[in-house]
Amino acid sequence: MSANPADVKVGVIMGSQSDWDTMAHAVEILEALAVPHEVRIVSAHRTPDRMADYARTARERGLQAIIAGAGGAAHLPGMVAAQTSVPVLGVPVESKALSGMDSLLSIVQMPGGVPVGTLAIGKAGAKNAALLAAAIVGLQDAELTARLDDWRRRQSEAVAEEPERG
Ligand code: RP5
């Protein structure tokens, strides 16, 4: 469920509808932690004006972190980071042609001075981007930090001491 626009703290953007299956893992975590967020398709190549507008208005709209997922020539996270100092977390989406190595290298190799916090390719990256975004927002929200710590504690408790032998 998306938050009231005035309350949104995290923006989840993706270059294409085809990125949704990956980015859904980020949204799932944000929802589990009750982080007010919004979800948009914003393409660096197909909707460059939408991207520029999104980045340039992010801070005044109250965003404290942006999770940007893209695949292939994955310029979205870097181009957003070029236009806002709101922290940008980049998620390389696994591409069909090169298994996400193209996405990863496109996102991670930013020039010094314009940072993108780059996560792992695919599901793990999307999930961890959301956990990092929650930690960032949690710096000013003790209740959110408590929910995040509780999520981490439950994750630890769910790990069996011994493997099941099949
Ligand atoms: C990128 O191109 C998107 O982030 C997506 O991962 C990739 C392919 O997009 P589609 O052709 O599937 O729309 O911009």
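Predicted model: local features only at pLDDT ≥ 70, side-chain atom pairs only at ≥ 80, totals over all residues.
I began with helices α1 and α5, and their crossing is right-handed. I call a crossing right-handed if the near helix is turned clockwise from the far one by less than a right angle, and left-handed if anticlockwise. The helices here are DSSP runs of H or I with at least four residues, the strands are runs of E with at least two, and both are numbered from the N terminus.

Residues are numbered from 1 along each chain as its sequence is written.

Next I looked up the geometry of this pair. The axes of α1 (residues 20-32) and α5 (residues 123-138) come within 7 Å and cross at roughly 30°. That makes α1 roughly parallel to α5, a term for angles under 35 degrees. The axes are lines fitted to C-alpha atoms over the stretch in contact, and angles run from 0 to 180 degrees between N-to-C directions.

Which residues of α1 and α5 make the contact? On the α1 side I found Thr 22, Met 23, His 25, Ala 26, Ile 29 and Leu 30, and on the α5 side Lys 123, Ala 126, Lys 127, Ala 129, Ala 130 and Leu 131. Contact means C-beta atoms, placed from the backbone, within 7 Å. By class, I get eight nonpolar, two polar and two charged residues. Nonpolar covers Ala, Val, Leu, Ile, Met, Phe, Trp, Tyr, Cys and Pro, charged covers Asp, Glu, Lys and Arg, and the others, Gly among them, are polar.

I then followed α5 to α6 (residues 142-157), where the axes come within 8 Å and cross at roughly 145°. This crossing is left-handed. Ala 134, Ala 135, Val 137 and Gly 138 of α5 meet Leu 144, Thr 145 and Leu 148 of α6.

On to the sheet: it is open, with five strands in the order β2-β1-β3-β4-β5 and parallel pairing. Strands pair if DSSP finds at least two bridges between them. I traced five bridges from β1 (residues 10-14) to β3 (residues 65-71), with Val 10 opposite Ala 65.

Note on methods:
Parallel < 35°, antiparallel > 145°, perpendicular 65-115°, else oblique. Contact = placed C-beta atoms within 7 Å.
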